[in-house]
Amino acid sequence: MSTTKTAAGLEVPTTAGATKKADGKSRVLRILFYVLVIAIIVFNLFPFFWALLSSFRPSNELFSTKLIPNELTLDHYVEVFKDPRFVQSLINSVIVAGSTVLIALGLGSVCAYALGRLPFRFKGPVLYLVLTMTMFPQIAILSGLFVMLRTLALFNTRQGLVLTYLIFTMPFTIWVMTQYFRSLPKELEEAAYVDGASPLKVFWEILLPLTMPGLVSTGLLAFIAAWNEFLFALTFTITDNMKTVPVVISQFTGASAFEQPWGAIMAASMVVTIPLVILVMVFQYRIVEGLTAGAVKG
Amino acid sequence: MIKEIDLYARQKRLAWFLIAPSVLVVLIIIAYPTIQVFVYSFMKYKLDGVTPPSFVGLDNYSFVLTDPDWWSAVTNTLVFTVVSVILESVLGLTVAMVANSKFKGRTILRVAILVPWAIPTVVSSKVWQWMVNDIYGVVNIVLFNLHIIPQKIAWLATPATALPVIIAVDVWKATPFMALLLLAGLQLIPKDLYEAGSIDGATKVRQFWAITLPLVTPTLLVALVFRTLDALRVFDIFYVMVGTKGGLATMAVYNQQQLVSFLDAGVGSATSVIILIVIMLFVILYTRFSRTSFE
């Protein structure tokens with residue numbers, strides 16, 4: 001303690017002498033820091049804003065080299081919402097992503113309760129397996145799933161997609177929710193058990209409400225993952241009435257094969273992206289929490 | 001006492017009952033197809049519904065391993081993985097350190113970096129495809145008007161210019177994820193270490209090398225594993241931006257094409273098994289590396 005004091009005491013004159021110079025230096029650093037902050041924000045947001053701007057540009061202005069448009073229009077939005085393929089794909093995406101989240105949370109959270117709170121012999125190995133599966137490469141079972149879906153007559157159906165989407169949502173949900181259940185204090189359920197409550201009642205009435213924040217985080221992340229999924233949707237659906245939004249956007253074609261209908265593509269892109277951006281803004285904290293719980297604690 | 005034993009038995013029974021449905025689903029959707037992929041990889045298995053499947057030994061493997069298209073896909077995937085993961089780590093750490101400092105507008109920064117992460121990959125690919133459009137793309141217009149390039153470039157027309165663009169898209173999209181993980185790692189570093197460092201007269205640069213980097217390395221390694229495994233199976237960006245005929249396929253694109261375009265579950269499965277082996281090699285490499293340097 002005394003050494004620190006002397007060291008600090010000895011340093012006082014030198015720092016005092018250099019104060020003026022240090023102030024100038026720190027101001028430059030401060031400015032550089034804010035330049036960096038602005039650069040990061042612009043780099044991250046520019047493509048989004050550019051797409052947004054393009055989606056409101058009249059076609060004749062879209063295909064000009066002018067950067068700032070003279071006028072804005074809703075034409076492209078009208079165009080995509082008149083396209084039955086796009087509207088159907090929106091409905092499909094909502095159904096598929098929604099069902100995936102409900103099933104993954106329903107099955108996953110009861111499993112996580114058992115793994116996190118109840119006595120279970122193979123807890124360690126099961127948890128390890130779950131963690132491994134969260135990183136499982138989907139491409140490795142593409143042909144197995146392809147044949148399986150055809151055998152089960154689930155090929156080119158929304159049910160088939162939901163089933164395959166559980167591959168990447170269930171292990172993740174189980175893993176993150178197990179962490180949540182583990183973090184709750186033991187006294188909570190002990191009191192209830194003393195009062196004679198059954199384990200299932202303890203789960204349903206005491207623990208589940210407390211893990212609501214966890215359910216929101218994992219549900220959001222599972223929804224975003226299912227909503228954005230492309231490989232399975234592309235491979236396991238063939239007719240327009242079963243395709244999801246990412247597949248339809250990737251296959252938008254214009255009058256000629258050489259020039260794509262960029263205005264419509266950008267408008268469709270914004271329609272599927274803006275809800276996500278709003279979710280991100282509202283639930284920023286929850287999303288980050290869920291994302292990092294999946295990795296850092298592992 | 002009897003009551004307690006009774007409760008324990010009930011809890012144990014309930015645990016099995018609650019875990020069973022998830023185990024069943026995982027067995028059906030992950031374990032069964034994985035086994036099937038191994039079996040199909042040794043079979044001639046056309047999905048045309050005409051030719052009956054038959055065992056052919058290692059034929060599918062030798063087909064894939066002698067196919068120049070496969071090796072070009074491997075090269076593309078490895079170059080993409082190494083370059084993008086390195087860039088994402090460096091930029092991710094920079095962004096994480098900025099987001100970890102106290103300043104006005106910190107929340108704006110945190111929301112801003114989540115936007116590229118949340119946008120569907122197909123949409124990001126389409127947006128960037130538009131941005132690098134040969135005639136009307138904003139990238140060409142700006143670079144040309146600033147006289148940085150003598151003429152506008154058809155970026156996605158040749159692999160040599162398309163790959164850097166694709167890497168840029170991935171870096172844009174995945175750096176936020178890296179930054180968020182690293183930010184969580186940075187927040188675990190005790191503040192007094194920096195205070196002690198300052199008292200001892202260590203400069204900010206010295207503090208970075210002596211405190212920040214060593215203490216954030218475990219998180220960095222986890223993030224690296226996640227990103228590498230993700231990058232090795234990259235599909236969406238390549239498929240959307242250059243299609244399947246541009247000579248710029250990845251391992252996953254090659255695999256999907258064998259299955260969907262050539263309806264060949266045999267070769268497709270053999271490709272899957274090889275991809276799985278490549279990914280396992282990377283995992284072993286990382287675990288070896290992290291053991292030798294941290295234990």
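**Figure 1. Helix 3 and helix 11 of chain B cross at roughly 145°.** In this predicted model, the axes of helix 3 and helix 11 (residues 251-260) of chain B come within 8 Å. Helix 3 of chain B contributes Asp69(B), Trp70(B), Ala73(B), Val74(B) and Thr77(B) to the contact. From helix 11 of chain B come Met251(B), Val253(B) and Tyr254(B). By type, the residues of this contact are six nonpolar, one polar and one charged.

**Figure 2. Trp71(B) sits in helix 3 of chain B.** That helix spans residues 68-100. Trp71(B) has 13 other C-beta atoms within 10 Å, so Trp71(B) is classed as partly exposed. A residue needs 20 or more such atoms to count as buried, and 12 or fewer to count as exposed. Ala202(B) lies 131 residues from Trp71(B) along the chain. Their C-alpha atoms are separated by 49 Å.

**Figure 3. The largest nonpolar core holds 161 residues.** Residues of both chains are among those with the most contacts inside this core. From chain A these are Cys111(A) and Ala114(A). From chain B they are Ala179(B), Leu182(B) and Phe238(B). Helix 7 (residues 159-186) of chain B supplies the largest share of the core, 15 residues.

**Figure 4. Ala179(B) and its contacts from elsewhere in the sequence.** Neighbours within four places in sequence are left aside here. The remaining contacts of Ala179(B) are Gly92(B), Val95(B), Ala96(B), Ala99(B) and Ile113(B). Ala179(B) is also one of the residues with the most contacts inside the largest nonpolar core.

**Figure 5. Chain A meets chain B.** The contact involves 77 residues of chain A and 74 residues of chain B. On the chain A side, helix 1 gives the largest share, 14 residues. This side of chain A comprises 61 nonpolar residues, 16 polar residues and no charged ones. For the complex, the predictor reports an ipTM of 0.91 and a pTM of 0.89.

**Figure 6. Chain A is built from 14 helices and zero strands.** Of its 298 residues, 42% are buried. Take the contacts in chain A with a separation of 6 or more: residues 24 or more positions apart account for 77% of them.

Figure 7. Domain 1 of chain A covers residues 2-55, and domain 2 of chain A covers residues 83-295.

**Figure 8. Two domains of chain B, with C-alpha centres 35 Å apart.** Domain 1 of chain B runs over 2-40. Domain 2 of chain B runs over 59-294.

**Figure 9. Gly106(A) in helix 4 of chain A.** The helix comprises residues 84-117. Gly106(A) is partly exposed because 13 other C-beta atoms lie within 10 Å. Thr173(A) is 67 residues away in sequence from Gly106(A). In space the two are 9.7 Å apart, C-alpha to C-alpha.

Figure 10. Ala153(A) lies in the loop between helix 6 (142-151) and helix 7 (158-183) of chain A. Ala153(A) counts as exposed because there are 10 C-beta neighbours inside 10 Å. His147(B) belongs to the loop between helix 6 (138-145) and helix 7 of chain B. With 7 C-beta neighbours inside 10 Å, His147(B) is exposed too.

**Figure 11. Confidence in the two chains.** Chain A has an average pLDDT of 85, and 89% of the residues score at least 70. Among the elements of chain A, helix 1 (residues 2-55) has the lowest mean pLDDT, 70. The highest, 96, belongs to helix 11 (residues 231-236) of chain A. Residues 1-18 of chain A have a pLDDT below 50. This stretch makes three contacts in the model beyond near neighbours in sequence. Where pLDDT is low, predicted coordinates should not be read in detail. Chain B has a mean pLDDT of 90, and 97% of its residues reach 70 or more. In chain B, the lowest element mean is 85, for helix 8 (residues 191-199). Helix 2 (residues 59-65) of chain B has the highest, 96.

Conventions
Residues are numbered from 1 along each chain as its sequence is written. Chains are lettered from A and ligands numbered from 1 in the order in which they are written. This is a predicted model: local features need pLDDT of at least 70, side-chain atom pairs count only at pLDDT 80 or more; totals for chains, interfaces and linings use all residues. A nonpolar core is a set of buried Ala, Val, Leu, Ile, Met, Phe, Trp, Tyr and Cys residues joined through C-beta atoms within 7 Å. Helices (H or I, at least four residues) and strands (E, at least two) are DSSP runs, numbered from the N terminus. Two residues are in contact if their C-beta atoms, placed from the backbone, lie within 7 Å. pLDDT is the predictor's confidence in each residue, from 0 to 100. Ala, Val, Leu, Ile, Met, Phe, Trp, Tyr, Cys and Pro count as nonpolar, Asp, Glu, Lys and Arg as charged, and the others, Gly among them, as polar. Domain bounds come from an automatic or database domain assignment. Axes are lines fitted to C-alpha atoms, for helices over the stretch in contact, and angles run from 0 to 180 degrees between N-to-C directions.
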